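Thanks for making the time. I would like to walk through the charged side chains and the metal site of this model, with the cut-offs stated as we go.

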Amino acid sequence: MSVEFNEEENLEDEIFEVDEELLRQVLPKRFRKEKTIEDREIENWVFDRPTLIALAKLINKGYLSELVSTISMGKEANVFRGKDSAGFPVAVKIYKKDTTLFKDMMPYLDGDPRFKRIKRKRSHIIYTWCQKEFKNLQEFYEIGVPVPKPFAYRDNVLVMEFIGIDDIPAPRLKDIVLEDPREMLNSIIEDIRKLYENGFVHADMSEYNILVKDESEYYIIDVGQGVPLAHPMAYRWVVRDVVNIVNYFNRRYKLCLDPKKYVLEVIGEEILADYLML
Ligand SMILES: Nc1ncnc2c1ncn2[C@@H]1O[C@H](COP(=O)(O)OP(=O)(O)O)[C@@H](O)[C@H]1O
Ligand SMILES: [Mg+2]
């Protein structure tokens with residue numbers, strides 16, 4: 001499946017008839033029994049009418065045929081395991097409109113030269129955020145760091161590669177015990193360095209946002225906060241990413257590694273000196 005990115009198409013406000021029956025089939029089983037869309041809205045559930053329309057558009061293009069089960073219900077988004085039209089597993093992240101976190105999103109949108117003139121309307125901020133996560137996945141994927149391959153997005157719905165073994169989603173770094181933690185730490189630091197070298201910062205690196213298939217295969221996820229180096233906070237955030245990761249490995253595996261040494265590895269001495277003078 002190819003990566004789709006068409007800004008015009010995504011933002012256009014086309015009139016779209018929702019095929020209720022089709023959508024009922026797409027929803028995970030336990031949500032199918034609710035009779036009307038209004039039932040779901042009353043419960044303030046993630047499947048409001050605009051979200052159903054976004055899902056319907058993704059179904060029409062073959063990116064999605066079914067949401068099979070819930071992987072995660074977070075404050076900001078719910079993530080589902082689904083299938084595309086060929087039956088291949090996909091991960092579907094649906095951002096919630098009622099999130100109280102949209103204020104926290106602004107520092108990562110303002111200052112990112114890719115997103116100018118962001119309307120202060122809540123739904124617009126959420127849609128822009130979803131688009132930002134998609135664009136970051138594309139950038140990171142092309143740079144060659146391990147992230148789920150992005151397939152498509154519509155409004156607040158993002159479809160990407162499912163990271164798991166068979167139907168089981170891969171566990172997070174925090175949920176497993178590694179045999180050789182140093183090797184994975186070095187590899188993650190190398191990924192942060194690669195991103196940095198190519199002009200990007202993840203800005204939310206933690207043991208929660210790395211999925212581990214096995215010791216030699218992990219994926220960095222949740223890339224919505226990522227910014228280009230042109231963002232005024234980018235240098236602070238790359239340092240924060242490195243320190244977070246090194247501190248986690250120190251805590252969990254009783255290591256005594258110096259985070260500063262790793263920061264130097266990523267951004268080099270000159271920039272670090274500048275940073276410390278800020
Ligand atoms: N591509 C994916 N494949 C499998 N599971 C995923 C994928 N993306 C996210 N998940 C699961 O969903 C959880 C939440 O996703 P994440 O992007 O971190 O959202 P948030 O932290 O904003 O709720 C992850 O911890 C992971 O368990
Ligand atoms: Mg997360």
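**Charges and a metal site**

Arg193 and Glu197 sit four residues apart in helix 8, about one turn of the helix, where helices are DSSP runs of H or I with at least four residues and strands are runs of E with at least two, numbered from the N terminus. This is a predicted model, in which local features need pLDDT of at least 70 and side-chain atom pairs count only at pLDDT 80 or more, while totals for chains, interfaces and linings use all residues. Residues are numbered from 1 along each chain as its sequence is written, chains are lettered from A and ligands numbered from 1 in the order in which they are written, and side-chain values use heavy atoms, without hydrogens and water.

Arg193 forms a salt bridge with Glu197, with the closest N and O atoms 2.5 Å apart; the term means a side-chain nitrogen of Lys or Arg within 4 Å of a carboxyl oxygen of Asp or Glu. Twelve salt bridges are present in the structure. Another of them joins Lys261 to Glu265, at 3.6 Å between the closest N and O atoms, and these two are also four residues apart, in helix 10.

Turning to the metal, the magnesium ion (ligand 2) has Asn209 (OD1) and Asp222 (OD) as protein donors, 2.2 to 2.3 Å away, donors being N, O and S atoms within 2.8 Å of the metal (3.2 Å for Na, K and Ca), and since water is not among the atoms, sites may look incomplete. Asp222 also belongs to a network of salt bridges with Lys93 and Glu133.
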